[in-house]
Amino acid sequence: MQDKVLKTVKTVQQARKVYQIIAALGSSSVLAIIAIILALLFVLLIIGLTFLPFLLFAQEGSLSNQTGMEAGWAPVRLEEDGSEYMWPVPTITRISSYFGIRNIGAGAEAHGGIDIADGAPKTELQPIYAMAAGVVTVAGNVSGYGRAIYIDHGSGLVSIYGHLDARMDVKPGDQVGKGQRIGLIGAGKVGRSTGPHLHFEIKLNGKRVNPLDYVQPSSQLPGDLSYRSLKIAEVKAYLEGKKSALADVAILQAIDAAGRQQNVDPHLLIAITGQEQSFVPANRKNAALIVKNPWNVFGCWCSGRGATLTTERSALIAAKTIVKLSEDRPAGRNAIEWLSAKDNPRGYYAEHAGWWIGVSKFYKTISKL
């Protein structure tokens with residue numbers, strides 16, 4: 001845009017020279033007026049030719065000229081979650097009991113971990129995830145915890161997840177990755193507890209340490225952007241109307257799973273694909289590749305790490321990025337605008353200032369389906 005402005009300034013300077021030449025031919029006011037008109041017409045012609053391609057090729061809901069392979073605005077700063085370890089319950093940010101000395105009615109006692117809970121209806125059977133990669137050493141009944149999972153992360157670091165439901169996703173000996181679902185919080189009183197919660201504990205070389213030195217609660221998005229189940233049938237029909245390569249049940253289920261894991265509305269994730277890639281038209285060149293990364297995470301679907309992802313993986317990274325960028329949002333600031341605001345201390349999703357307007361438009365439409 002700066003180059004276009006400089007070109008326009010240069011054009012005006014040239015037009016001014018034309019005026020001076022014509023004015024020198026005669027001193028009458030008529031010649032002067034004619035010179036001014038010709039100069040203005042010349043400027044308008046140059047400006048029109050400069051911006052015509054931009055106006056012709058701008059996508060719906062977009063302010064960008066998307067004609068090349070790298071269509072869509074490449075995010076400036078996209079990280080998976082910005083930390084070495086992951087908060088184990090993305091859907092719950094409330095800590096009901098902290099590490100250290102506490103009094104639960106039977107006198108003071110040392111609490112070896114933290115309890116994560118937000119009232120029974122919002123806590124029971126919520127999924128939990130491994131804070132880091134490691135090997136499962138325990139997955140079953142443990143005295144005091146009822147049922148628990150232990151994961152050895154190496155170098156003396158072990159994470160413990162207590163008061164769980166009997167249905168576990170892992171067993172002893174399993175290798176797990178960071179962010180892999182391992183089980184559910186139990187319903188009711190499981191083990192020594194007063195109600196449903198996750199007891200999360202970390203040991204370093206056999207000694208209990210404060211889990212908050214390793215992990216922090218996931219950022220809480222505004223209520224209207226937090227997770228709600230994706231209306232798959234309605235969204236699929238909407239995308240089919242746009243002849244989108246995203247109109248596939250398996251793809252939509254993967255997007256819904258990413259939103260659920262990070263407590264982000266999957267309808268917002270769909271809206272971003274509309275702004276970034278016009279919902280990936282199925283007849284578009286390279287659609288089969290673009291659909292694997294329609295959020296342009298890691299810069300672009302076409303090169304580098306962005307070209308190595310699956311749809312499931314890129315959806316999860318995009319959801320984590322939304323959570324990260326949502327932190328520190330000032331009171332009263334539009335939540336979607338904040339994702340691409342240049343004064344956001346955690347970075348911004350898109351370079352173009354109008355990105356959030358297109359996303360908001362698509363999000364409003366999709367949310368009403």
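User: Is D265 buried or exposed?

Analyst: D265 is buried, with a relative accessible area of 0%; buried means under 20%, exposed over 50% and partly exposed in between, using a 1.4 Å probe and protein chains only. This is a predicted model, in which local features need pLDDT of at least 70, side-chain atom pairs count only at pLDDT 80 or more, and totals for chains, interfaces and linings use all residues. Residues are numbered from 1 along each chain as its sequence is written, and side-chain values use heavy atoms, leaving out hydrogens and water.

User: Which residue forms a salt bridge with D265?

Analyst: The partner is R228, with the closest N and O atoms 2.9 Å apart. A salt bridge here is a side-chain nitrogen of Lys or Arg within 4 Å of a carboxyl oxygen of Asp or Glu. R228 is partly exposed, at 29% relative accessible area.

User: How many salt bridges are there by this rule?

Analyst: The count comes to 9. Among them, R333 pairs with D343, the closest N and O atoms being 3.0 Å apart. R333, E337 and D343 are linked in a network of salt bridges.

User: New topic: at what angle do α6 and α8 pack?

Analyst: Helix α6 (residues 266-277) and helix α8 (residues 311-326) pack at about 105 degrees, with their axes 11 Å apart.

User: Which residues make that contact?

Analyst: L268, L269 and I272 of α6 meet A315, A318, A319 and I322 of α8, where contact means heavy atoms within 4.5 Å. By class, the contact has 7 nonpolar, no polar and no charged residues; Ala, Val, Leu, Ile, Met, Phe, Trp, Tyr, Cys and Pro count as nonpolar, Asp, Glu, Lys and Arg as charged, and the others, Gly among them, as polar.

Methods. Axes are lines fitted to C-alpha atoms, for helices over the stretch in contact, and angles run from 0 to 180 degrees between N-to-C directions. Helices (H or I, at least four residues) and strands (E, at least two) are DSSP runs, numbered from the N terminus.
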